[in-house]
Amino acid sequence: MFKETKAFSGFSVDDIPAAREFYAGTLGLEVTEDNGMLQLRIAGGNPVLVYPKDNHVPAEFTILNFPVDDIAATAKGLADRGIVFERYGDGHDEQGVFRAGGPPIAWFKDPAGNVLSIIEE
């Protein structure tokens, strides 16, 4: 039924202007706004919808993973832009990159508290 449907993901935030500044300004994504909602243009073609929600509760799981070639360089670049990486247990290096199993990954939050990651391919 949905084999040819171009599905897309979405998530809520509590402040659209702050989200726009973060995703466009801090992360450097192409962001458009229509009807009070944002669309993030990410590689691969399908947009990600960001919508306002008055009673927003941040996701307690990773909502967007950004694959990168060099996680150390990317983590440094994000830290230089004010990003603080989350630490979930042990196994993180001095930059906040988790290296204790699986691919190297670092988690951080958007202004609404949603969890994002960079993950080394």
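Residues are classed here as buried under 20% relative accessible area, exposed over 50% and partly exposed in between (1.4 Å probe, protein chains only). The structure is a predicted model, in which local features need pLDDT of at least 70 and side-chain atom pairs count only at pLDDT 80 or more, whereas totals for chains, interfaces and linings use all residues. Residues are numbered from 1 along each chain as its sequence is written, and side-chain values use heavy atoms, with hydrogens and water left out.

By the accessibility criterion, Tyr 88 is partly exposed, because its relative accessible area is 40%. Tyr 88 belongs to the loop between α2 and β6; helices (H or I, at least four residues) and strands (E, at least two) are DSSP runs, numbered from the N terminus. With neighbours within four places in sequence set aside, the contacts of Tyr 88 are Trp 107, Lys 109 and Val 115, a contact being defined by heavy atoms within 4.5 Å. Between Tyr 88 and Phe 66 the separation is 22 residues in sequence and 18 Å in space, C-alpha to C-alpha.

A nonpolar core is defined as a set of buried Ala, Val, Leu, Ile, Met, Phe, Trp, Tyr and Cys residues joined through side-chain atoms within 4.5 Å. The largest such core comprises 28 residues, and Phe 11, Tyr 23, Leu 40 and Ile 118 have the most contacts inside it. Two or more residues of this core are supplied by each of β1 (9–13), α1 (16–26), β3 (37–41), β4 (47–52), β5 (62–68), α2 (71–80), β6 (105–109) and β7 (115–120). Beyond its neighbours within four places in sequence, Ile 118 touches Phe 66, Val 68, Ile 71, Thr 74, Ala 75, Leu 78, Phe 85, Pro 104, Ile 105, Ala 106 and Phe 108.

Strands are taken to pair if DSSP finds at least two bridges between them. The antiparallel strands β6 and β7 are joined by five bridges, and Ile 105 stands opposite Ile 119 in β7.

Rings of Phe, Tyr and Trp (its six-membered ring) pair if their centres lie within 6.5 Å; planes under 30 degrees apart count as stacked, over 60 as edge-to-face and the rest as tilted. Phe 22 counts as buried at 8% relative accessibility, and Tyr 23 is buried with a relative accessible area of 0%. A further edge-to-face pair is formed by Phe 85 and Phe 108, at 6.0 Å centre to centre with 85° between the planes. This pair links distant parts of the chain, since Phe 85 lies in the loop between α2 and β6 and Phe 108 in strand β6, 23 residues apart. Both Phe 85 and Phe 108 are buried. Ring pairs also link Phe 11, Phe 22 and Tyr 23 into a cluster.
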